[in-house]
Amino acid sequence: MDWNHLQDLWDAQQQAYLPDREDRISAMLDIVEVARGPGPRILDLACGTGSITRRVLIRLPASSAVLVDVDPALLAIAAGTFEGESRVRICSADLRRASWRHALGEPDGAFDAVLTATALHWLPPDRVAGVYQEAAALLRSGGILANADHIVDEGLAVLEKPLRELAQARSQEVQLQTQALDWDGWWTMLKGQPELAPLVAERDEIFGHHEGSSHTESYLSSTWHLSALRAAGFSRTGIAWRRQADAVVVGVR
Ligand SMILES: C[S@@+](CC[C@H](N)C(=O)[O-])C[C@H]1O[C@@H](n2cnc3c(N)ncnc32)[C@H](O)[C@@H]1O
């Protein structure tokens with residue numbers, strides 16, 4: 001398998017939906033670098049194919065990362081990409097259950113930063129709050145949690161739906177111009193790879209996908225996220241980046 005090619009296809013697919021994806025990841029890495037220095041230990045939470053970790057390792061070569069996700073197909077692409085990379089460990093665990101923290105096999109305080117992007121909206125609100133608590137336990141004092149996602153500014157909630165519709169229309173234009181795969185096209189392409197097709201079927205079981213169904217999405221406001229971070233034990237919280245209804249919320253342990 002050409003894992004790097006699959007990584008590039010994943011990035012192009014995500015980038016078509018999130019034109020400022022590199023910018024938001026870069027904002028997360030800025031925070032980690034200034035707060036934790038050149039060799040942080042990172043937890044890449046709901047890592048997908050490992051896009052965040054790839055960027056962390058390039059920018060901060062003295063860093064190391066543990067990647068966690070529940071999707072066997074995306075984890076296989078991550079494992080292929082980072083094969084032989086001593087700075088990386090990959091782990092399968094389900095964030096819908098608090099037990100993911102123990103499945104990780106890492107002690108409390110093991111990480112300088114927990115980074116996650118475009119993922120926690122797949123969880124119901126009580127589990128987002130739970131993940132913040134579990135992540136807090138895994139962080140050292142002064143450690144950083146950064147979550148980049150669709151995170152609405154409550155004061156502009158009325159604009160959220162039309163902004164989302166505009167973004168969807170733009171992403172369709174980008175897909176046409178760049179030939180990037182859309183979400184369904186990505187999974188159809190993976191199902192066409194004999195090595196990955198059984199893992200995509202396993203994934204459909206894990207997420208309870210059936211033809212035409214999609215995962216649940218809960219979009220919470222920045223007020224909600226900052227309050228949940230404080231309740232989870234983060235002493236300082238704020239917004240490190242925002243564009244319209246997307247943001248990077250940060251908690252300092
Ligand atoms: C849109 S992808 C983003 C992946 C990666 N962070 C990125 O930016 O490229 C969302 C990810 O969340 C993961 N995810 C969703 N629900 C999960 C759960 N319950 N446990 C672990 N990972 C989950 C999915 O498998 C997927 O990899």
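The buried residues of helix 6 pack against quite a list of partners in this predicted model: strand 1 (41-45), helix 5 (100-103), strand 4 (111-117), strand 5 (139-150) and helix 10 (222-231). The buried set itself is made up of Val 128, Gly 130, Val 131, Tyr 132, Glu 134, Ala 135 and Leu 138. Helix 6 covers residues 125-138, 14 residues in total, and runs 20 Å from its first C-alpha to its last, close to the 20 Å expected at 1.5 Å a residue.

Next comes a helix-helix pair. Helix 4 (residues 72-81) and helix 9 (residues 197-206) have axes that come within 7 Å and cross at roughly 135°. On the helix 4 side, the contact involves Pro 72, Ala 73 and Ala 76, which meet Leu 199, Val 200, Glu 202 and Arg 203 of helix 9. Sorted by class, this contact holds five nonpolar and two charged residues, with no polar ones.

As for the ligand, 17 residues surround it, and the closest are Ala 46, Gly 48, Asp 71, Leu 95 and Ala 119. The shell around the ligand splits into nine nonpolar, four polar and four charged residues.

Finally, Gly 185 sits in helix 8 (residues 183-191). Gly 185 counts as partly exposed because it has 14 C-beta neighbours inside 10 Å, whereas a buried residue would need 20 or more. Gly 185 and Gln 13 are 172 residues apart in sequence, yet their C-alpha atoms are 9.1 Å apart in space.

How values were computed
Residues numbered from 1 in each chain as written. Predicted model: local features only at pLDDT ≥ 70, side-chain atom pairs only at ≥ 80, totals over all residues. Near = placed C-beta within 6 Å. Nonpolar A, V, L, I, M, F, W, Y, C, P; charged D, E, K, R; others polar. Axes fitted to C-alpha atoms, helices over the stretch in contact; angles between N-to-C directions. Helix = DSSP H or I, 4+ residues; strand = E, 2+ residues; numbered from the N terminus. Contact = placed C-beta atoms within 7 Å. Buried ≥ 20, exposed ≤ 12 C-beta atoms within 10 Å, placed from the backbone. Expected span 1.5 Å × (residues − 1).
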